[in-house]
Amino acid sequence: MEGCPRNREIGPKLLDLIPQGRKWYQEDKNNVDQEKKLELRLGPPGGDEEDHHHSAMKKKNNTETRNIKVESEDKSFHGFNGNHFSSSNKTSQKRTAPGPVVGWPPVRSFRKNLASTSSSKFGNESSHGGQINNKSDDGEKQVELKKEGMFVKINMDGVPIGRKVDLSAYKSYEQLSFAVDKLFRGLLAAQRDTSGGEGEEKPIIGLLDGKGEFTLTYEDNEGDKMLVGDVPWQMFVSSVKRLRVIKSSEISSALTFGCSKHEKMRH
Amino acid sequence: MTEEDSSAKMSEDVKRYLKLDPRSAAASEPPPAAALANKSRNFKSFEPPCPDHVLENVLENVLQFLTSRCDRNAVSLVCKSWWRVESQTRFEVFIGNCYSLSPARLTHRFKRVRSLVLKGKPRFADFNLMPPNWGAQFAPWVVATAKAYPWLEKVHLKRMLVTDDDLALLADSFPGFKDLTLVCCEGFGTSGIAVVANKCRQLRVLDLLESEVTDDEVDWISCFPAGETHLESLSFDCVESPINFKALEGLVVRSPFLKKLRTNRFVSLEELHRLMVRAPQLTSLGTGSFSPDNVPQGAQEPDYAAAFRACKSISCLSGFRELTPEYLPAISPVCANLTSLNFSYANISPDMLKPIIRNCHNIRVFWALDSICDEGLQAVAATCKELRELRVFPFDPREDSEGPISGVGLQAISEGCRKLESILYFCQRMTNGAVTAMSENCPQLTVFRLCIMGRHRPDHVTGKPMDDGFGAIVKNCKKLTRLAVSGLLTDEAFSYIGEYGKLIRTLSVAFAGNSDKALRYVLEGCPKLQKLEIRDSPFGDAGLRSGMHRYCNMRFVWLSSCALSRGCCRDVAHALPNVVVEVFGSDDDYDDTVIVDYVETMYLYRSLDGPRKDAPKFVTIL
């Protein structure tokens with residue numbers, strides 16, 4: 001919400017509808033000039049397409065115009081009695097201009113991409129072995145996730161449950177290494193505890209220097225598998241796609257044979 | 001105890017009670033009702049005399065047969081003794097809003113829960129109107145129930161955040177676990193599912209419906225233990241990742257009780273064929289992609305129709321995620337037995353539909369895309385006389401798309417399918433005439449949800465608002481409990497709803513109404529209203545205030561992009577201590593130093609345990 005004047009009062013602009021048939025349409029036009037400078041537009045400026053369907057008031061589009069607030073003529077919010085709304089004008093008659101409104105029509109995300117999925121019968125996924133990275137039908141949700149942080153999947157040899165880490169929360173390899181230890185220490189101990197006794201929780205150290213039992217590796221955006229720690233942190237963050245904690249004894253085999261994009265690293 | 005034992009005990013108890021213990025003060029007369037009542041209420045310091053103990057035993061035996069939760073709620077209100085007995089005999093608990101009480105309260109009151117149904121986020125969260133990480137975590141519930149109910153068998157969650165760790169804890173804590181159903185949930189992945197598959201050895205139902213399941217690249221199908229399983233239902237059509245087909249086939253072969261199988265789109269037609277041949281006892285089949293992996297080589301192609309013929313028990317068919325049209329006729333052998341058909345992922349034209357639907361005389365539930373056009377709906381109306389539920393989704397869900405269905409289809413359905421009870425209909429244009437016709441032809445309607453996708457669109461023939469159509473619905477459909485309105489609507493529509501909608505429990509409003517009067521009509525007129533969700537409508541403080549007397553008796557009220565002020569929301573919160581009022585925007589980098597008076601979203605709900613402690617930063621609880 002940067003850039004908004006502090007004393008702004010928000011008045012959502014909605015169409016003033018009077019129930020007696022079409023009269024409101026005329027009233028609309030009278031308010032045109034007055035409201036013109038206050039109108040909230042989503043479409044291109046100007047344009048005079050008349051539309052006999054009288055489609056809506058322009059509500060602010062949450063994803064696009066969030067930062068654009070309009071100062072109401074009436075500064076005090078409480079004077080704004082909620083019974084009427086000053087009508088917007090030309091934009092309300094424009095039918096093609098309205099940008100997409102969040103969550104409308106109310107169709108769940110997985111129903112939204114039917115046009116594309118139904119036509120791709122022999123798509124690039126095979127029934128097993130094919131890897132679809134970040135496949136998500138929900139474009140909008142994906143955007144929101146990215147906005148929040150940089151989540152990458154991380155798996156560890158010997159632990160069936162994968163996790164996710166938010167790389168934007170760390171500023172160095174040390175911090176990441178520490179986080180990995182915190183994430184997996186307990187899980188690893190639980191997996192190793194086969195005799196039924198209490199599994200000892202050993203800290204997971206030496207992830208970056210090859211000296212520990214485990215080593216941290218990653219797959220970059222070109223599908224190559226590399227050891228973590230060789231390039232500057234920012235460069236790493238910008239190219240990493242997923243992480244994997246492998247046994248240090250298997251470093252050479254993991255990195256040499258796992259180069260193809262479509263091949264999964266097996267335990 | 002066995003039924004015989006309990007009835008024997010019961011008759012002894014009853015005899016004793018009727019004869020009355022001669023030691024009790026009441027002696028040979030039945031104690032006056034008031035005295036008994038008083039005795040039952042003095043539960044704290046007063047040791048209940050024998051008749052009450054006996055009564056409790058009797059009650060316990062009787063109440064075991066009472067399953068309806070409404071009835072049980074009524075029973076528990078009779079007196080403290082009945083409340084106590086009811087608590088001990090309630091095995092299935094339904095919690096419509098996970099924030100209406102704390103897990104501790106649940107475990108404190110009900111001691112023998114075997115089945116838990118929990119609902120989390122309100123429905124508008126499905127449409128991105130709620131910021132992520134809002135809440136509804138399953139975690140505190142699984143932790144509490146793990147300790148309190150080790151015999152728990154069933155968990156059914158809707159719109160909750162479930163993590164892999166939660167699933168792991170569930171799998172570890174409940175050795176007799178039988179039934180996991182996750183509807184519209186998220187936060188977990190295939191690794192969590194793998195743990196459940198592996199550790200829940202008594203599992204009968206694993207249903208993942210419309211949930212977001214992350215691909216952790218774990219072969220979860222292989223995680224089911226070897227040997228015969230107890231599986232009766234396995235649904236994973238929403239899992240957007242490939243599966244190990246060989247393992248699935250093996251699993252199906254060793255699951256003799258499997259009746260429902262819903263595969264995802266990564267299962268090809270050839271693979272489906274293999275599954276069907278191995279499981280001809282199936283009653284419900286999710287067909288996966290319904291598209292062959294390989295271009296067929298003439299005689300080598302499997303006989304799909306034969307496979308369907310062999311599955312004589314199939315009554316429910318869905319899937320068709322990547323339908324190859326020429327194979328659709330293969331399902332013909334089962335059409336006559338079908339009671340439920342879901343084509344809502346398939347771009348099916350009227351000509352593709354007609355030969356199929358003309359055999360589906362017994363269909364009660366039909367879901368489809370609007371690609372079937374009005375013509376397809378007419379074909380449905382001509383044949384499907386038993387239709388109870390119809391859902392038509394938009395193939396192209398945008399406001400300005402072409403719109404192949406209209407009032408013509410709606411009217412045809414109303415004329416042909418007189419037993420219709422529930423309808424969800426997405427369209428671009430509609431007329432009051434068609435809606436009114438449906439109200440007159442289908443008196444059994446309990447659910448009417450019409451979504452005219454263009455906002456504020458009037459009757460496209462007369463240009464009038466859609467008030468009359470919806471008015472007719474509430475007036476003529478006397479059993480209506482759920483209503484969703486759309487199109488151009490004035491306050492008048494809401495006055496009709498308030499006047500006639502006496503049984504309405506759920507109301508959805510978007511881009512409708514003129515003023516606060518509309519909201520007032522509804523809040524004052526609909527005594528059964530439980531769930532009210534409103535977006536982008538000109539309702540403000542006066543409207544919100546008009547419902548103050550109602551909010552304690554409602555499950556929730558959602559108002560987003562309306563005209564509420566923070567001050568008013570705060571007033572409501574202060575006036576109603578049992579109601580939690582949350583306000584938030586969709587913008588989650590919220591600047592704490594700027595107090596904005598305008599409220600983007602208000603979500604209020606009643607709660608026995610006060611405001612929740614897990615609210616994220618961007619949510620303010622007033």
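The accessible surface of chain A comes to about 14600 Å², of which 51% belongs to carbon and sulfur atoms (Shrake-Rupley method, 1.4 Å probe; for residues, only the protein chains shown count as cover). The model is predicted, so local features need pLDDT of at least 70 and side-chain atom pairs pLDDT 80 or more, whereas totals for chains, interfaces and linings use all residues. Residues are numbered from 1 along each chain as written, chains are lettered from A and ligands numbered from 1 in the order written, and side-chain values use heavy atoms, without hydrogens and water.

Chain A contains seven helices and five strands (DSSP runs numbered from the N terminus: helices H or I of at least four residues, strands E of at least two). Their order from the N terminus is α-α-α-α-β-β-α-β-β-α-β-α. Of its 267 residues, 45% are buried (under 20% relative accessible area, 1.4 Å probe, protein chains only).

In chain B, helices α4 (residues 69-76) and α5 (residues 80-89) pack at about 145°, with axes 8 Å apart (lines fitted to C-alpha atoms over the stretch in contact; angles from 0 to 180 degrees between N-to-C directions). Arg72(B), Val75(B) and Ser76(B) of α4(B) contact Trp82(B), Trp83(B), Glu86(B) and Thr89(B) of α5(B) (heavy atoms within 4.5 Å).

Val113(B) lies in the loop between α6 (103-109) and β2 (115-119) of chain B and is buried, with a relative accessible area of 1%. Beyond neighbours within four places in sequence, the contacts of Val113(B) include Arg90(B), Phe91(B) and Trp151(B).

Definitions and conventions
Buried < 20%, exposed > 50% of the residue type's maximum accessible area, 1.4 Å probe, protein only.
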